[in-house]
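Please look over the structure below and keep it open as you read. The paragraphs that follow walk through it piece by piece.

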Amino acid sequence: DAIDSVAGPVKDLLLLRGASRSSQEKALDAVDTILSASRTTLGNARPAAQSLSTAMEGFGGAVLDGKADGESFSKPLERMAVGAKQVSPSSFTGFRMGVFRPMGGEKRMPLMLSNTSSVDRKPPPPHSDTEQLVDFSVPRSIINGAPSSVMNLVLYDDDRFFQPKTSLSDKEKIVSPVVSLNVSGIDSSRLAEKVNISLHHPDCAENVTCSYECVYWDYVQESWSSDGCTTMAATSTSKTTCQCSHLTNFAILASFDPEHHAHTEALSTVSLVCGIISMIGLGLTCIIIGMFKKLRGLTAMKITFCFSASMF
């Protein structure tokens, strides 16, 4: 109930053009605080969570309303990072951004942003003791023919704002941060050129086989979908790269089977070899008992013979 009551005013403030910078930052702080609620609490407040995530997609347009080309805004928080940049077709050459998080420490630490003006140049880490969470690039063709646009980025530390109406199965899980990408002034559902998004995530548990899929949040179905996204060949077990023909909220969905081990083939081979050896031993036992009359006369040997024969 508390989340439902504050979501409306916070959403209005996020989208209010001309609001003071301090008011806009307070609204972001409020969203970050809401994200600290438990998954169950946010799951029960799903409409409010979806309303806030939708507002976050348009926040960049509000905060940079009327600003000159090249103006930008960024605010790293504990549970999300927000970035926006005003661009125009005449000066835009492409954009690439990385999101990083400090390594170590018991407490949650703010996310950090780093960007370059070339899609071919990797964003440098803010400092050496950071781990990268996201690397995405926006090609120049994205805003061709559009008026001045605002690129809007929101990175959520996890998926608690995006809990499906029908829960994922026990063998599926969102394992990456959720990254929201939007550009104002364009049809973001049909991009002229696909965007590349690399999302880092934990390695699969030892001896468990996992498959990773690029997905986006479908607001209509209130579920994760892979339509319009291609999962590229993995170059690392802890990073998955996506190519998508639209802009929205993206994440990596892992499918795994705890009972399916990576060494299943080796274990099957060992089991087969041991089974063959056992069958040979049983066969030899039957042959030896059958060859010697004195052995056949013994009650224990008769039992052994019958038991060995029954195992075939």
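A residue is buried when its relative accessible area is under 20%, exposed when that area is over 50%, and partly exposed in between, using a 1.4 Å probe and protein chains only. Leu 28 is buried, with a relative accessible area of 0%. Leu 28 lies in helix 2.

Residues are numbered from 1 along each chain as its sequence is written, and side-chain values use heavy atoms, with hydrogens and water left out. The score pLDDT is the predictor's confidence in each residue, from 0 to 100. The protein averages a pLDDT of 82. Of its residues, 79% score at least 70. Among the elements, strand 11 (residues 223–225) has the highest mean, 95. Helix 8 (residues 299–310) has the lowest, 54. Where pLDDT is low, the predicted coordinates should not be read in detail.

Now the overall fold. Helices (H or I, at least four residues) and strands (E, at least two) are DSSP runs, numbered from the N terminus. The protein has eight helices and 14 strands. Of its 312 residues, 40% count as buried. Contact means heavy atoms within 4.5 Å. Take the contacts with a separation of 6 or more: residues 24 or more positions apart account for 71% of them.

Back to helix 2. This helix covers residues 21–34, which makes 14 residues. The expected span of a helix is 1.5 Å times one less than its number of residues. Helix 2 reaches 20 Å from its first C-alpha to its last, close to the expected 20 Å. Which residues of helix 2 are buried? They are Gln 24, Ala 27, Leu 28, Val 31, Asp 32 and Ile 34. Seen down the helix axis, these buried residues fall within an arc of 165°, so they line one face of helix 2. The arc is that of the directions from the helix axis to the C-beta atoms. The face turned away from the buried side carries the exposed residues Lys 26 and Thr 33.

What do the buried residues of helix 2 pack against? Their partners are helix 1 (2–14), helix 3 (39–44), helix 4 (46–57), helix 5 (59–63), strand 1 (72–76) and strand 2 (80–87). Leu 28 gives a close-up. Leaving aside neighbours within four places in sequence, Leu 28 is in contact with Leu 14, Met 56, Phe 59, Phe 73, Lys 75, Leu 77, Met 80 and Val 82. Asp 32 is also in helix 2. Asp 32 counts as buried because its relative accessibility is 6%. With the neighbours within four places again left aside, Asp 32 is in contact with Leu 77, Glu 78, Arg 79 and Met 80. Asp 32 and Arg 79 are 47 residues apart in sequence, yet 6.0 Å apart in space, C-alpha to C-alpha.

Two of those partner helices deserve a look. Helix 4 has 12 residues, which should span 16 Å at 1.5 Å a residue; its end C-alpha atoms are 17 Å apart, which agrees. Its buried residues include Ala 48, Leu 52 and Met 56. Helix 5 holds Gly 60. Gly 60 counts as buried, at 0% relative accessibility. Not counting residues up to four places away in sequence, Gly 60 touches Ala 84, Val 150 and Asn 152.

Leu 253 counts as buried, at 7% relative accessibility. Among the residues that Leu 253 touches are Leu 168, Lys 173, Ile 174 and Tyr 212. The C-alpha atoms of Leu 253 and Tyr 212 are separated by 5.7 Å, although the two are 41 residues apart along the chain.

One backbone detail comes last. Most residues other than glycine have a negative phi, and most peptide bonds are trans. Glu 222 has a phi near 55°, a positive value in a residue other than glycine. Find Glu 222 in the loop between strand 10 and strand 11.

Notes
This is a predicted model: local features need pLDDT of at least 70, side-chain atom pairs count only at pLDDT 80 or more; totals for chains, interfaces and linings use all residues.
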